[in-house]
Structures are given as C-alpha cells and as structure tokens.
Amino acid sequence: MTEPSTNRDIDQPTIGEPETTPTSSPTVNYDGDQLDLADRISLRRVAGMSTELTDITEVEYRQLQLERVVLVSVWTSGSQVDADNALAELKLLAETAGSHVLEGLVQRRDRPDPSTYIGSGKVAELRDVVVATGADTVICDGELAPAQLRNLEDKVKVKVIDRTALILDIFAQHAKSAEGKAQVELAQLQYLKQRLRGWGGNLSRQAGGRTSGGAGIGGRGPGETKLETDRRRINSRIAKLRAELREMDSTRETKRAGRRRNKIPSVALVGYTNAGKSSLLNRLTGAGVLVEDALFATLDPTTRRTQTADSRDYTLTDTVGFVRHLPHDLVEAFRSTLEESVLADLLVHVVDGSDPDPQGQIEAVREVLREIGAAHVPEQLVINKADRADTATLTVLRHQFPDALVVSAWTGDGIDELRAKIDERLPRPGVEVHAMVPYDRGDLIDRIHHEGEFDTLEHTAQGTLVVARVHEGLAAELGCYRLSEGADSLAR
C-alpha cells in the first residue's frame, strides 16, 4: 500500500509547501518554511536587485526596552504547587507580551478583596516592592473589576493590568489575518467598554454656535460627556466589527458546506497553548505552518486535506490554543473560529507531557470545550513532547488515561500509531453497495477511493465489480449500476 498524498490545501495556499508525504525519519524538516499567514501571502523583497552603487541606508540599533513588571496572584484554592504553577504560567504570559518580570507575589485569601484585590495593607507592601524594584507595571492573575483597577492604580502609582488584558495584548500582537485582527479588536473593545475612565473635570462637551463649528441655534445644551462619547464610538465600532465578522463567517461556512456536501470527515487539533498542535499538523500533513516555542504563536486556524491508509480523504485543522481562565470576551469573539472544533467529527486533544501540570491542562481545555458546546464530540487524547517529558509523569498519565497515545512530533515516535487511531475513529460511510461499474465510469471508482471504503474490488469482463461502503449521495449515483447481493457470484 503506498503512502497517501497529504499536501492538498483547503483554506490557504502555502508557499514552499512540501510535495511529498513526510516519512518517519527524524532528519526531515517537517515544519517546512516556518511562515505565518501574513508572510505566506506577502510580497517578498529579493536581495541584490538594487542598481545603487553604494548602500545609502543607515540603520541605528537601539536596545529594546521591555516593561518591568511585578506579578501579583491571590491563592484561594488548591495546593501550594497549584499556586506556583499558576504564577509560573502568568510569568510566561508576561514574557510573551514583551516584559521583564522582576518579582512575583502570592497572597493566600478566601476570596479576592472586592476593593483592591489583595487588601489595603498588602497594597502598601506592593507599593514598597514596586518602588524598590523600579517596576512600571503590575500584572494581577485574575480578571479585575473596574473599581479594583482604579483603586490599585491610585495607590500603587503605576499601571495595573489584569490577566484578561494581558492575554488580549498577546492576541493583538500575534493576529495576522483580517479575521483574527477583527476578532481580537472586538474582544478588546468589549473589555474596554466596561472600564472607561474620565480624567479630570473636563467631561462635558457643548455643541457650540455656527462660528465654532457647532449646530447653532437649537444645538446647545449640556452635551455628551467624554465617557458617553467614547462609549458611543466603541459601540459603533463593535457593531461594524460584528458585521465584518458575519461576512467572514459566511465565507468560512461556504468552505465547511463544500466539505459536508462531499462527506469529507473533519478532525480538529485542540489543546492547551504551546502543546505542539502546529508541530503535529506539520508532521501529519507537511503543512509548513509556523511553529514557535511560545504561548499563542498560532491564532489563525489552518486546515489541510490528508488521507487515511486506504486513501479516504479527511481534513485536519489546527485551532487556536486554550489557556486556564480564557477570557469570556475572547471566547465570544473567536466563536466562529472555535466552531471548527464544534463541527468536527473527531477532536485530537494534544497535551504537553513535559508541562508541570498536564492534568490541569486537560481539565482547562475540556472546560473551554464544554463552554463552546463541543463536549459531545469524540475525543482522542494525545500526550505530545514525549522526548522531553519525565518518565514518571508519562507513567501516571498512562495510568489515568489508558486510551491516550504518547507521541513526539519532534522525533516522530508514535506518529504511525496516531495515524492508525485517527483512521480507526473516523466515521464510516453508512451505505453498503454492490455494483458493477462500467469501465467508462472510472470517475465513480475514484470517488469511492476518496469518499468511501472498499470491501472488495474485482475487474471482470463486464466492468469493475465493487463491494463498498459509501455515503448516501454517492450511493444514489451508483444506483443504476447496483446489483443484488446474490448477483455478485453470477457477475463473476
């Protein structure tokens, strides 16, 4: 049996995409050209094409100035290890956003303080830490109310942001496609609308007379406050973004409808951020999408068509990564993208086996899947990064999740078993047909190869005798060539 081709594109053309199916050799570069979506479709500058005799450009290199931040977390439940892991993840998020972490503080409380998140006494201690370290930003590990943000900033005297704003900032940096940028902007505006602040007493605006550019007689009055004006503009922008996303969603739905019409099964790669979903997509399909050891490196979903061992087509989609306490506004804004998981026939749940808390990752991802309505979709757990994972951790995971597969997208270990498991768990065509297909209808035989599965195939003098399982549409097209089950032996 020859290895099926796996490099056909569904959504986006990929520049420099491999022409052959990847092999199991670890020396092959499975990650391809490492280009994100914008780079794949952008104009590329060719070096050495200028006719200038001398290089007239001057480049001044400056040292990159990173924000100096202090992390603050409230430990309300769980063990000390859980609190340390949560703060370590916040540190990775802060560094991904482009900051230099100076200090991390954890406070044990039954619940966050409703006024200042950590209490008035601890705010004074936090102010001392900020002054001592020279920090210019405080990042809190939680979603703060507008009053909490305002009170903390007034007392600490530096910028204060919460976990939600931090994640939104990372998404804004990494969004490349028009849809991704619109989704992130929508989430940011929904978050900002509830946290507008007035500065000083300059809040009222009057219309003024004709000479000052106003409406003149009948237009004077108290006018809108600055907050009202900002809120109105934000609401207008949100309405415009939602209209744009509905248009983009119709395009995505058209692609999904084509796949459903052709009865092509779909598989979605889901999991925690930086668990290795893009690496697995590259290993399984040779997609060549961007792979980076960073949180939320991939935001735009990428879909590739590939084949099972018996040549049946199916699609494999790399989705956006999840994280603990994923902001609700972000889930709402990315709902059209996350529908790839809801509508999939199989979810390949990728877990980072080298993470200190893989069980926490699994529960966090399943919580988001329940929130978006994908809890009913069949799930195949895959523990990735086996080459970096601790042996004891893998043993515990195998015991807790006996049906899980252990793989390494980097070395290729376990990839063949993963392919076989996907083939096994894909939905099977529901109609069994016995047909004598004339030799001039080879297109039907080809469609059975790609859309169904053969039980038997035999070439006879009258035509090709097939026993196969196909979907309803293809069964209808084969209707005029179908035989009764007892007529098979007579046809031979």
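In this predicted model, Phe171 touches Val184, Phe296, Leu299, Val320, Leu330 and Phe334, leaving aside residues up to four places away in sequence. Phe171 belongs to the largest nonpolar core, which has 69 residues. Along with Val138 and Phe296, Phe171 touches the most other members of that core. Nonpolar side chains tend to be buried together in soluble globular proteins.

Two packed helices are described by the angle between their axes and the distance between the axes. Helix H5 covers residues 163–174, and helix H6 covers residues 178–193. Their axes come within 9 Å and cross at roughly 155°. Angles over 145 degrees count as roughly antiparallel, so H5 and H6 are roughly antiparallel to each other. The crossing of H5 past H6 is left-handed. On the H5 side, Thr164, Ala165, Leu168, Phe171 and Ala172 make the contact. H6 contributes Val184, Ala187, Gln188 and Tyr191. By class, the contact has seven nonpolar and two polar residues, and no charged ones.

Now turn to the backbone. Lys157 is not a glycine, yet has a positive phi of about 70°. Lys157 sits in the loop between helix H4 (146–156) and strand E5 (159–162). Lys385, also not a glycine, has a positive phi of about 60°. The loop holding Lys385 runs between strand E10 (379–384) and helix H12 (391–400). Are these lysines buried or exposed? Lys157 is exposed, with a relative accessible area of 58%. Lys385 is buried, at 12%.

Technical notes: Residues numbered from 1 in each chain as written. Predicted model: local features only at pLDDT ≥ 70, side-chain atom pairs only at ≥ 80, totals over all residues. Heavy atoms only, no water. Axes fitted to C-alpha atoms, helices over the stretch in contact; angles between N-to-C directions. Helix = DSSP H or I, 4+ residues; strand = E, 2+ residues; numbered from the N terminus. Parallel < 35°, antiparallel > 145°, perpendicular 65-115°, else oblique. Left-handed = near helix turned anticlockwise from the far one by under 90°. Contact = heavy atoms within 4.5 Å. Nonpolar A, V, L, I, M, F, W, Y, C, P; charged D, E, K, R; others polar. Core = buried A, V, L, I, M, F, W, Y, C linked by side-chain atoms within 4.5 Å. Buried < 20%, exposed > 50% of the residue type's maximum accessible area, 1.4 Å probe, protein only.
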